[in-house]
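Try each task first, then follow the solution step by step.

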Amino acid sequence: MNQEPLVQSQELFPSKVSKLERKGHIVHIECENGALLQLHVLTDDIVRVRFATEGYFPRDLSYAIDPEFKPDYPDFQIEEDEEYINIRTSSIICQLTRNGLKTTFLDLNEKVILEDDKGFHWEKYEHGGAIVMMSKKVQEDEYYFGMGDKSGHLNLRGQRIQNWNTDSFGYSSKTDPLYRSIPFYYGLHHDHGYGVFFDNSFRTFFDFGKERPEATSFWAHNGEMNYYFINGPGLIEVAENYAMLTGRPELPALWTLGYHQCKWSYYPEKEVKRIANEFRSRNIPCDAIYLDIDYMDGYRCFTWNHEFFPDPKRMIGELKDDGFKTVVMIDPGIMIDRDYWVYQQGMDMDAYLKTPNGLNSTGKVWPGPCVFPDFTREDVREWWGELYQGLISENGVAAVWNDMNEPAAFEVPTKTIPEDVRFHFEGRGGSHQEGHNIYGMQMSRASYNGLKKHLNGKRPYVITRASYSGGQRYASVWTGDNVASWEHLLLASTQSQRLSVSGFSFVGSDVGGFNDEPDGELVVRWLQMAAFHPLYRMHSIGYHAVGDAAVDEDEVQAKMDEVTLDQEPWVYGEPYTQYAREAIELRYRILPIMYTAFYQYVQRGTPVLRPMSFMYQNDPETLHRMEEFCLGDHLVAAPVAEPGLKRRGFYLPKGRWYNFKGNKAYSGGKEQFMDVDLNSIPLFVKEGAVLPIAPVMQYVGEKEFDQHELHVYAGSDEVKSQWYEDEGDGYGYTEGNYRLANFYVKGSGSGISMKQEIEGNFDPCYKEYKLFIHGIKSKKTRCLVDGELVPTLRRGKTVELTVNRDFNLVEIG
């Protein structure tokens, strides 16, 4: 092979193929100019495409790929002729040109799925490294989705965006970048979906036909051109395969899906207790109260301000007795203070990020000058995890909120530490240019593992602001420091949908808006919409001088006494309090649906929130919709997101749908309208669905009950529904202590049959189902349960009956 050095030019490309070799599941290709390509055939539908420009591949290190990912390594064929090299699996064909290694992915009918435009090319830096670039052709009528934490339109076509985790206080729909970097996108054309995951943690850019309408491009300021092609053809299939590749979390504890209350900040103890008492006295459900940075001693992480909280263990225990979990914030910035035990421990083990000359890198955050742990070192992650012992084991804190972990820094234009700061990278070494986007992910990894160790068999819960692809294995996310506005109500919906299909299904927003003051109508509408989002947390700013470090606590308290931006569900008076209560109660009623959607996410990688385009991609109208979205398999929510609205227009996909409240049926495939008032929550159920609806509780596990509601919606074709249950915490479910009910409903308005198949050995508290079968038009109904005639109650088009929870077959006709 000709080993001539790569030629210096503005743009460089692979030259002619000089060598091809198959090594197990890898096809290794060398070019005459030293460029290399490795194709890793991981499954029939996932192919890794990895280029090198200098004649060798560096050490393979990815924080994104799940260590538990088990590739199938399927059999595949290599076919060669004078122009092309074809790699064929049972699902796709990967076609390479012999000159330039331009790549096309085709289906087995040789229809194009994804096709190179200019293909792979690079520009060399004078002192080493290169900008690595890839461009693909835009297909006719192609749509693009994904990319995680972006605030623009769900369809990315015509947009240019970048990934660089950024503290973006008060962002807008045009702000980019935001807090997380998820370099993964979907393409959809001719009803065939696919995904591309560019696993490069340097600053990356994606251009979806903005600069050149005929091309989609992505590039990075350094590192490898290393991407994964993920075949569909369904967008949901792509999402599931991406989740398998980058990982799925463990099941969350059920309480984490309840309502959470947060503010910057609740202190002192009497204020925390007042908030807790208000929830219980007003019968507004709540499972968790958050403590922001003011619980700390001078913003020193892992400490308590004992003037505000003289006995944290007692307070947390009393909150627990009243059904509240306590969640505390932990930032990465460690105050430089020789008398501060955490700082000193880190110094003793040389745990902090370094400047190029070996000194500790510093930056100013809330405590003032700080150092930052190097979470790309295993021993530092273990040390960090051990720091939680006091909060968790001794004080009883239930969960942790990791903030400011882009990492953010004050008083510098870049909002972060310098790019030349050195990271360990598991012994390989690297700079902040590469480590920045994975810093928050690795912090939440350390936190997650520490909590899991110290929670005595309970499931850990971490919420993080910054992350990278794969970070969903360790933490939930929220959409950052948003604004109390109607624009941000819509943004919260689209951002949560986008993050959900980008791997991060455990997502939500600061309900009501973090910054500025909402009115009662906006708060109610936000609570109504967010009732369908996995993370259901109200959070607001209170009074703080944002960006100032080491502020005087007495001064802040005095100002807070003058101006306090309260944002709890009751502060706006009636009727807003009642409507807020009802929205939160609805959330607790649908918890079985939410928890089942999480089961599907954990088992298969199916997103919890799903844009309508992902569920109904063959319905062209859904490709344009953003305000409506799907929760689980059978619900479409169309929340009201405009002030003063009296009539709501919405779209339902093709098929028959029921209003969640009542028996009104809609024929999908067209624009619909309904009258709305402030208490309206437009929610629709697909025909044939079975929905488990829980009794209202003030917190998860408050009480036991003898009967559980099941709502069944008559349809025609057979429809499968699932309902997953377990203890709600702990790991008994991994040993079979769960209950998975599979329901199969078939029939029409004149009569239906419902079959139930049960897996697992979990024994729930209830013994009976109260069945509500909606949409039965026949006036005379006869009901058999496992062959025995049972009495029913008729209310309009709804038939009610009580059955044993373990029934096999219900027949109504």
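**Exercise 1. Find the strand order of the open sheet of nine strands, and say which strands stand at its edges.**

Start with the order: the open sheet runs S31-S30-S28-S25-S21-S20-S19-S33-S32, and its pairing is parallel. Strands here are DSSP runs of E with at least two residues, helices are runs of H or I with at least four, and both are numbered from the N terminus. Two strands count as paired if DSSP finds at least two bridges between them.

A note before going on: this is a predicted model, in which local features need pLDDT of at least 70 and side-chain atom pairs count only at pLDDT 80 or more, while totals for chains, interfaces and linings use all residues. Residues are numbered from 1 along each chain as its sequence is written, and side-chain values use heavy atoms, leaving out hydrogens and water.

**Exercise 2. Describe how S20 and S21 pair, and find the residue opposite Tyr290.**

Recall that strands of a sheet pair through backbone hydrogen bonds, either parallel or antiparallel. Strand S20 (residues 288–291) and strand S21 (residues 325–330) pair in the parallel sense, over four bridges. Opposite Tyr290 you will find Val327 in S21.

**Exercise 3. Is Gln442 buried or exposed, and what is in contact with it?**

First locate Gln442: it lies in helix H7 (residues 432–454). Its relative accessible area is 1%, so Gln442 is buried (buried is under 20%, exposed over 50%, partly exposed in between, with a 1.4 Å probe and protein chains only). Then set aside neighbours within four places in sequence: Gln442 is in contact with Tyr63, Phe375 and Arg381 (contact means heavy atoms within 4.5 Å).

**Exercise 4. Place Gly730 in the chain and list its contacts.**

Gly730 sits in the loop between strand S44 (719–726) and strand S45 (738–748). Gly730 counts as buried because its relative accessibility is 10%. Apart from neighbours within four places in sequence, Gly730 is in contact with Gly457, Lys458 and Arg459.

**Exercise 5. How many helices and strands does the protein have, and what share of its residues is buried?**

Count the elements: there are 13 helices and 52 strands. Of the 813 residues, 64% are buried.
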